[in-house]
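Here is a short briefing on selected local features. Read it alongside the model below.

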Amino acid sequence: MERACLLLMLAVITLASCRDENADGFVMTVKGPLPSAEMGQTLSHEHVLVDWAGADKTGYHRWDRDSVMDIVLPRLDEISSLGVTGFIDCSPAYLGRDPVLLHELSEKSGIHIITNTGYYGAVDNRFIPEHAYHETAEELAARWTDEFENGIGNSRIKPGFIKIGVKEDTLLSDLHTKLLRAAAITHRKTGLVIKSHTGGDAPAFDQINLLMEEGVSPEAFIWTHAQGGSMEKIIEAARTGVWISLDGVNISSVPGEGGNMDFYLTRLTEMKEAGLLDRVLISHDAGWYDAGEPGGGGFRSYTDIHRFLIPAMHEKGFTKDDIDLIMTVNPSRAFEIKKRVNLREQ
Ligand SMILES: [Zn+2]
């Protein structure tokens, strides 16, 4: 009897602590904080709007919000009908980020949308504002932290992650090291996850190592465009806790039958065999309304994963739980506002 009581007590304590953990966890959407368990199926790397004009030329004057709404809202309604309820917008500041537009789209589509803070250093620093060259990492982090605490500009809309970008195929430059250090400082203050446009193995591990030196856990880092890395290094990174973002699924608009479906199926299968599906995020890196093109130019839909990849995964033996893990559980954990410090360095 006593033992049964003890077991019951243990069960209650375990349940209570699980519930607390869930109750505490939240993500920051453009409409405010949301319990992470309510994000639902989420596309973790997409774009509503992109402006390639460059940091010195871009601004809200470059697009008409109503025109963007006309093009993008039906695309969000389309994924909503497929069961998607969460959407991570990865267009950074100076490259088409428009929190007010995202808020309107979220209101009208019912989809939870998350925007970002941070600067994007890829493409030869074309989207880096002038002040980033002479400010310190601490000063940049103060700007990004202020956006999280007080909202972006005067919009009162807060970012839900840090988006930076570094050169895809080499070690970090001084400027990109500064961006990453600023991201690390911002993470330690805010708990926002760091999503870095990366690509290959070398810059990925350079960043992971630097973050650890800065006292940030690999669990706070999303290796974005990890499809550009080697399988061996992806697995090594995932084992340290890094999120692996395989975000270029493009099945319907790549020449040749099946687009890059086999590539993604192979990577996902290898991650499953390695027991690492709980570190994987998948997305299309699709969209978008191009501010420099008449009518926004061509638009790639956000539907290939649901229309093609998930059915093919089921055929390959992926279970419903596997799909739920990748599409629902992992994004809610990855984007949860949570300080993830590297205890080994403390
Ligand atoms: Zn992207």
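Glu 135 counts as buried, because its relative accessibility is 13% and the cut-off for buried is under 20%. This is a predicted model.

**Glu 135**
- Glu 135 sits in the loop between helix 4 (131–134) and helix 5 (137–150).
- Its side chain makes a polar contact with the side chain of Arg 143, at 2.6 Å.
- Beyond neighbours within four places in sequence, Glu 135 is in contact with Leu 140, Arg 143 and Lys 178.

**Zinc site**
- Which residues coordinate the zinc ion? They are His 45 (NE2), His 47 (NE2) and Asp 285 (OD), at 2.1 to 2.2 Å.
- His 45 and Asp 285 link distant parts of the chain, 240 residues apart.
- His 45 belongs to strand 3 (residues 42–46). Asp 285 lies in the loop between strand 12 (280–282) and strand 13 (289–290).
- Along the chain, the zinc donors follow the spacing H-x1-H-x237-D.
- His 45 is buried, at a relative accessible area of 1%.

**Strands 1 and 2**
- Strand 1 (residues 26–29) and strand 2 (residues 32–35) run antiparallel and are joined by 4 bridges.
- A hairpin connects strand 1 to strand 2 through 2 residues.
- Val 27 has Leu 34, in strand 2, as its bridge partner.

**Aromatic pairs**
- The count of aromatic pairs is 11.
- Tyr 60 and Trp 63 form an edge-to-face pair, because their planes are at 80° and the cut-off for edge-to-face is over 60 degrees. Their ring centres are 6.0 Å apart.
- Phe 205 is buried, with a relative accessible area of 14%. Trp 223 counts as buried at 0% relative accessibility.
- Trp 52, Tyr 120, Phe 127 and Trp 288 are linked by ring pairs into a cluster.

**Charges over rings**
- The charged end of Lys 233 sits over the ring of Phe 205, 4.9 Å from the ring centre.
- The charged end of Lys 272 sits over the ring of Phe 318, 5.3 Å from the ring centre.

Notes. Residues are numbered from 1 along each chain as its sequence is written. This is a predicted model: local features need pLDDT of at least 70, side-chain atom pairs count only at pLDDT 80 or more; totals for chains, interfaces and linings use all residues. Side-chain values use heavy atoms; hydrogens and water are left out. Buried means under 20% relative accessible area, exposed over 50%, partly exposed in between (1.4 Å probe, protein chains only). A polar contact is a pair of N or O atoms within 3.5 Å; within protein, one must be able to donate a hydrogen and the other to accept it, and residues adjacent in sequence count only if both atoms are side-chain atoms. Contact means heavy atoms within 4.5 Å. Donors are N, O and S atoms within 2.8 Å of the metal (3.2 Å for Na, K and Ca); water is not among the atoms, so sites may look incomplete. Two strands pair if DSSP finds at least two bridges between them. Rings of Phe, Tyr and Trp (its six-membered ring) pair if their centres lie within 6.5 Å; planes under 30 degrees apart count as stacked, over 60 as edge-to-face and the rest as tilted. A charge sits over a ring if NZ of Lys or CZ of Arg is within 6 Å of the ring centre and within 35 degrees of the ring normal.
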